[in-house]
Amino acid sequence: MSGYDIERLSRLIGMLPPAPAAWESAARELPRARRELDMLVERAEADAEFRRALIADLESALRAEGVEPTTWPLLDELRRRVR
Amino acid sequence: MEAARDPREAAPRSTAALSAELSDAKLVALCRGGDEEAWGALVERFSRYVYAIAVQAFRLPEHDAEDVFQEVFARVYERLDTLREDEAVRPWIAQLTRRLCIDRLRAGSREVTADTAELPDGPDEDLLAQLEEAFDVHDALARLPENCREILDRFFARDESYRAIGEALELPAGTIASRISRCLDKLREAFEGRNKPGTAS
């Protein structure tokens, strides 16, 4: 184990810097975002007007529902599912 | 979602504490049971690794790396039930990340050279091997006392200055170097102990 000198350990610690905080935060939020996605899709299936609003301007429709689209991790999937 | 939590545990746990105290297999089992704190801990445990594979080994530009990063965790979340052995989550995530990076490189290459069969450069395999080692070192680091964990991570992984560390941790700047040195000694002891035959966790 003499190969693990201080210099090598230091270099190995430095090889894994943190991912950008916003990326990690979005990944942590996946369970909540998944629940929101399921609710939005369910509502779009039951409410034609809401579905039209989502298709016409997804970002604005999400904001109206209290979901911030710029940090919401499932935007593409929602777009696919309500198409 | 119903949290699959040990009923004996009353106090809320931080994701950092969870991440340090649970094995990969236990963390996966908790995530599969719908424990959102455990999911946060899993993201914390693997986020640097996924990021490093995408940015360092595959040299993806930041916006592509972000897409890969989010896609990796989305798939892990969706497909955790398909993982055959819970303790194999790390190689599974590594494989998934590599595959998505390759897809991203191929897609980019198709856009640039649509009329050729050229494929982009593959990953730096030597660097990938070093990232595995780096993950093991961080795993040992996570088990050190918080004061050592913080100071080593801030100095070597976050590239913070003595002054910034001193301010953040309320330590005299003149003591930072000696603290780093002592903590590195502790890390080496912990890491070597961890890797001795018969002491594997």
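## Packing of helix 2 against helix 3 in chain B

In this predicted model, helix 2 of chain B contributes L27(B), L30(B) and C31(B) to a contact with helix 3 of chain B, where the partners are A38(B), W39(B), A41(B) and L42(B). Sorted by class, this contact of helix 2 with helix 3 contains seven nonpolar residues, no polar residues and no charged residues.

Two packed helices are described by the angle between their axes and the distance between the axes. For helix 2 (residues 24-32) and helix 3 of chain B, the axes come within 8 Å and cross at roughly 135°. An angle over 145 degrees would count as roughly antiparallel, and 65 to 115 degrees as roughly perpendicular; helix 2 and helix 3 of chain B are therefore oblique to each other. The crossing of helix 2 and helix 3 of chain B is left-handed.

## Architecture of chain B

The secondary structure of chain B consists of nine helices and zero strands. Along the sequence, the elements follow the pattern α-α-α-α-α-α-α-α-α.

Chain B has 201 residues, of which 32% are buried. Among contacts in chain B with a separation of 6 or more, 62% join residues 24 or more positions apart.

## The side of chain B that touches chain A

The contact between the two chains involves 34 residues of chain B and 21 residues of chain A. At least two residues of this side of chain B come from each of helix 3 (36-57), helix 4 (62-79), helix 6 (125-142), helix 7 (146-157) and helix 9 (176-195). Helix 3 of chain B gives the most, with nine residues.

By class, the residues on the side of chain B that touches chain A comprise 21 nonpolar, six polar and seven charged.

## Confidence of the prediction

For the complex, the predictor gives an ipTM of 0.82 and a pTM of 0.82. Chain B has a mean pLDDT of 85, with 81% of its residues at 70 or more.

Key:
Residues numbered from 1 in each chain as written. Chains lettered and ligands numbered in written order. Predicted model: local features only at pLDDT ≥ 70, side-chain atom pairs only at ≥ 80, totals over all residues. Contact = placed C-beta atoms within 7 Å. Helix = DSSP H or I, 4+ residues; strand = E, 2+ residues; numbered from the N terminus. Nonpolar A, V, L, I, M, F, W, Y, C, P; charged D, E, K, R; others polar. Axes fitted to C-alpha atoms, helices over the stretch in contact; angles between N-to-C directions. Parallel < 35°, antiparallel > 145°, perpendicular 65-115°, else oblique. Left-handed = near helix turned anticlockwise from the far one by under 90°. Buried ≥ 20, exposed ≤ 12 C-beta atoms within 10 Å, placed from the backbone. pLDDT = per-residue confidence, 0-100.
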